[in-house]
Amino acid sequence: MPKPKPSAPKDFIAGGFGGVCTVIAGHPLDTIKVRLQTMPKPAPGQPPLFTGTFDCLMKTIKKEGFFGLYKGMAAPITGVAPIFAVCFLGFGIGKRIQQKHEGEELTYPQLFKAGMLAGVFTTVIMAPGERIKCLLQIQQEANVKDRKYKGPVDCAKKIYKEGGIRSVYRGSVATLLRDVPATGMYFTSYEWLQRILTPEGHDRSEIGIWRTLFAGGMAGIFNWSVAIPADVLKSRLQTAPHGTYPNGIRDVVKHIMKEEGVRSFYKGFTPIMLRAFPANAACFLGYEACLKFLNWAAPNL
């Protein structure tokens, strides 16, 4: 049976399906991550709002119920399919424009460059969704009537009214700083693990579920190892009241360094890493499964 040819439409569709799997598997820990990253500095003599990941988890469930962990999911679940679709499409395009002939195996620096291109592709549509998601996630009122934002659409309308399209896209540069190098690391580490986990004499399509899960999960770990500092900057900038940081990222960096120290650039590390493995394992398993299905159902797509 001939090997299916690389296909931009298949990358797009399979990437979108993988993205949906990512959100379903990882959103609760993403909520905890954002709350830890954006909680205010406690007043002298006062305890912090959350002492850590487990404390944040238990307080959220106690106050808002289990589904409080899924706050803001409507924004990423709506946007994540096109975001991941564009991401995997961008990676596929990045690979193909560097190949001298079809099927050429790229070097790791070439894979990294293809991954960085994918990060550029996704920022345009990711930044507004990230801003809406973060604003909804930090709302801790148990009663819906008391919340400033009633949902994603209401949030989008209010932040647009507050500052126009610039307000909607606040944090785009921080998102770019996070996603370009991190996505390069994401795909490079996944491809590296796929290659070393494929038994000699076998094709990588035969690698199996467990090795795919491991490669995808570890790719998530590598991705976030690079992304965390820029993600903290992004979360702070996107959730701050209008006018708080007039100079953008520079003001956020100055504030964190002055008030909290360099360790604060790694706030949310524990929930990020706890989330990274299962969420990205689910992503790549969903992507590979969907790709296999498309190769079977629509080989000429």
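1. Buried denotes under 20% relative accessible area, exposed over 50%, and partly exposed in between (1.4 Å probe, protein chains only). By this criterion, Glu-64 and Lys-71 are both buried. Their side chains form a salt bridge (a side-chain nitrogen of Lys or Arg within 4 Å of a carboxyl oxygen of Asp or Glu) with an N to O distance of 2.6 Å.

2. The model is predicted: local features require pLDDT of at least 70 and side-chain atom pairs pLDDT 80 or more, whereas totals for chains, interfaces and linings use all residues. Residues are numbered from 1 along each chain as its sequence is written, and side-chain values use heavy atoms, with hydrogens and water left out.

3. Arg-178 and Asp-231 form a salt bridge, with their closest N and O atoms 2.7 Å apart. The pair links helix 6 to helix 7 across 53 residues. Arg-178 is buried at 5% relative accessible area, and Asp-231 is buried at 0%.

4. A further salt bridge joins Glu-260 and Arg-236 (2.9 Å, N to O). Glu-260 is partly exposed at 23% relative accessible area, whereas Arg-236 is buried at 8%.

Notes: Helices (H or I, at least four residues) and strands (E, at least two) are DSSP runs, numbered from the N terminus.
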